[in-house]
Amino acid sequence: MENNLIRVLEGQYLDELTSELCDFSLEEQNAATEAQGVKPLASSDYVPIVGKSVTYVVACVIVNDKNEVLMMQEAKESCAGKWYLPAGRMEPGETIMEAGMREVLEETGLKVDVTTLLAVESAGGTWFRFVLTGRVSGGELKTPSQADQESIQAKWVGNLDELNLRANDILPIIDLARNHKRRIPKDPNWHKDILPARKAHYKNYLRVVVAIKNKSTNQVFILLSEKTAYHFPTVEIHPGRSIHSTLKKFMIELFGADLPQHRPHGVLSVEHHTTRSQPNPTDGVCLTLLVICRPSIESVSLIGKCVWHELNKELSARLAMTVAAKNSTLLMHVVR
């Protein structure tokens, strides 16, 4: 399991059958809801399918060496003339990176090489926005004479106050990208470049790396589920609830109603790879989320089929550094 921890800390996929290791499926979540006399919010056989039952959006924040941001002017009738980041919905059969590069090319005329994810945003359990950054590798900046249905024009902008923005929701992720651009190379306070790991999933999963300290020895422990085989606790993302709600209900399954104080630190890895050749699309994602328990391990009880695993000193120190640094994981922003 320590090798698996190293892999997710590096943003890599885990070579395991997540569907068989899932500790709290949608069917089990619905059964628990019905046992309380409440009608489930979603069908137990829900499957995420792009363009039908789930929406994936990409937003690309490209910052140049002058700290200017690549912006495009909207052509859509509902917001014509306003400015926004190159962004849009993923299309069936696309990967996250392919969608990001396509949107930038269509809306700005520039080709980009995506270098890393910066954030994952969610609204409910069926809308996700993947925030990417990268560097320009070619193309020409779109001018008004090249206006089409995708955009009117694109330009590099230093002061965003000069623009009439379509929405202000992009301001925090622009600040994030600018700070990422200004970081010192190999800054330990920042995550490494993390790209979506190529791993296919039929459903959406939240894998949690729950970390806790023994405050008398300063050693770090991680939580492992014992279902079938040792693995990081995993829950199917509920399409009718926010990620925070899904996480809280799962934590109650693991720890009971007397939950220890905890907080999500951020996303360690994103697994997604659509398999176009198969009759059933694999449009699911698996997000690995680092969760920090604040009390010392001695005061925390478990009720689920889980155990605490003490990390070796080297890995304990590495995870402790990750926990201590604000930008060592991808931002997880839950809109609702």
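Biologist: What is the hand of the crossing of α1 and α7, left-handed or right-handed?

Modeller: The crossing of α1 and α7 is left-handed. That label applies if the near helix is turned anticlockwise from the far one by less than a right angle; clockwise gives right-handed. Note the origin: this is a predicted model, where local features need pLDDT of at least 70, side-chain atom pairs count only at pLDDT 80 or more, and totals for chains, interfaces and linings use all residues. Numbering starts from 1 along each chain as its sequence is written, and side-chain values rest on heavy atoms, with hydrogens and water left out.

Biologist: Why are α1 and α7 called roughly parallel?

Modeller: Their packing angle is about 30°, and their axes lie 12 Å apart. Axes are lines fitted to C-alpha atoms, for helices over the stretch in contact, and angles run from 0 to 180 degrees between N-to-C directions. Under 35 degrees counts as roughly parallel, over 145 as roughly antiparallel, 65 to 115 as roughly perpendicular, and the rest as oblique. The pair α1 and α7 is therefore roughly parallel.

Biologist: What makes the contact between the two helices?

Modeller: From α1 come Glu2, Leu5, Ile6 and Leu9; from α7 come Leu315, Arg318, Leu319 and Thr322. Contact means heavy atoms within 4.5 Å. By class, the residues of this contact are five nonpolar, one polar and two charged. Nonpolar covers Ala, Val, Leu, Ile, Met, Phe, Trp, Tyr, Cys and Pro; charged covers Asp, Glu, Lys and Arg; the others, Gly among them, are polar.

Biologist: How do you know which side of α1 is buried?

Modeller: Buried means under 20% relative accessible area, exposed over 50%, and partly exposed in between (1.4 Å probe, protein chains only). In α1, Glu2, Leu5, Val8 and Leu9 are buried. They span an arc of only 120° around the axis, which puts them on the same side of α1. The arc is that of the directions from the helix axis to the C-beta atoms. An α-helix has 3.6 residues a turn, so residues three or four places apart point the same way.

Biologist: What do the buried residues of α1 pack against?

Modeller: Their partners are β8 (205–214), β9 (219–225), β11 (262–271), β12 (286–296), β13 (306–310) and α7. After α1 comes Gly11, with a positive phi near 80°.

Biologist: What makes the phi of Asn218 and of Thr228 worth a remark?

Modeller: Most residues other than glycine have a negative phi. Asn218, not a glycine, has a positive phi of about 70°. Thr228 is not a glycine either, and its phi is positive, near 65°.

Biologist: Why is Asn218 called partly exposed, but Thr228 exposed?

Modeller: Asn218 sits in the loop between β8 and β9. Its relative accessibility is 48%, so Asn218 counts as partly exposed. Thr228 belongs to the loop between β9 and β10 (234–236). At 66% relative accessible area, Thr228 is exposed.

Biologist: What makes Tyr230 partly exposed?

Modeller: Its relative accessible area is 49%. Tyr230 lies in the loop between β9 and β10. Not counting residues up to four places away in sequence, Tyr230 touches Met1, Leu224, Ser225 and Val307.

Biologist: Is Ser78 buried or exposed, and how do you know?

Modeller: The value for Ser78 is 69%, so Ser78 counts as exposed. Ser78 is in the loop between β2 (69–73) and β3 (83–84). Ser78 and Arg166 are 88 residues apart in sequence, with 9.7 Å from C-alpha to C-alpha.

Biologist: Why is Ala123 called buried?

Modeller: Ala123 has a relative accessible area of 6%, so the buried label holds. Strand β5 (residues 110–123) contains Ala123. Its contacts, leaving aside neighbours within four places in sequence, are Val335 and Arg336.

How values were computed. Helices (H or I, at least four residues) and strands (E, at least two) are DSSP runs, numbered from the N terminus.
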